[in-house]
Amino acid sequence: MNETPREKVYSEAEIADRLEKELPKWYYENGWIRRKYKTHSWKSTLMVINTVGHLAEAAWHHPDITASYAWVEVRLMNHAAKGITDKDFELAKKIEEVVQWQPAREGGALEGTPPTDQRFAYIKYD
């Protein structure tokens, strides 16, 4: 019988070290790595949820999401491995990259949402 090798499950100390180095806005609590994104409105909240959903589906690794009017909390844990694995860290990095993306800071043709006009406020960037 051919068994698939088990993924490495990180210890709490290893998780804390990786989060500090790679994902400083994320934290570990109750078996999950977590991040809360603050938004400006329900519309923005839904946009974040859909973005996370798209990335998770493409990665075939699915987070738990809790949301309210002006925030979204993303929680990652590898259910099959019953712990935090490289899949969690990699998806967290991709979510962070996309949700926190600010085109205006990169220069180029994409200007991003107007920072001084609250009608277009989106994410409360860290």
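This is a predicted model: local features need pLDDT of at least 70, side-chain atom pairs count only at pLDDT 80 or more; totals for chains, interfaces and linings use all residues.
Local features need pLDDT of at least 70 and side-chain atom pairs count only at pLDDT 80 or more, while totals for chains, interfaces and linings use all residues. Residues are numbered from 1 along each chain as its sequence is written, and side-chain values use heavy atoms, with hydrogens and water left out.

Helix H3 covers residues 86-99, where helices (H or I, at least four residues) and strands (E, at least two) are DSSP runs numbered from the N terminus. Asp88, Phe89, Leu91, Ala92, Ile95, Glu96 and Val99 of H3 are buried, that is, under 20% relative accessible area with a 1.4 Å probe and protein chains only. Their cover includes helix H1 (12-22), strand E2 (32-38), helix H2 (42-59) and strand E4 (71-76).

H2 and H3 pack at an angle of about 145°, with their axes 10 Å apart, the axes being lines fitted to C-alpha atoms over the stretch in contact and angles running from 0 to 180 degrees between N-to-C directions. In this contact (heavy atoms within 4.5 Å), H2 contributes Val48, Thr51, Val52, Leu55, Ala56 and Ala59, and H3 contributes Leu91, Lys94, Ile95, Val98 and Val99.

The largest nonpolar core has 24 residues, and Trp26, Ile33, Val74, Phe89 and Ile95 have the most contacts inside it; such a core is a set of buried Ala, Val, Leu, Ile, Met, Phe, Trp, Tyr and Cys residues joined through side-chain atoms within 4.5 Å. H3 supplies the largest share of this core, five residues.

Methods:
The expected span of a helix is 1.5 Å times one less than its number of residues. Buried means under 20% relative accessible area, exposed over 50%, partly exposed in between (1.4 Å probe, protein chains only).
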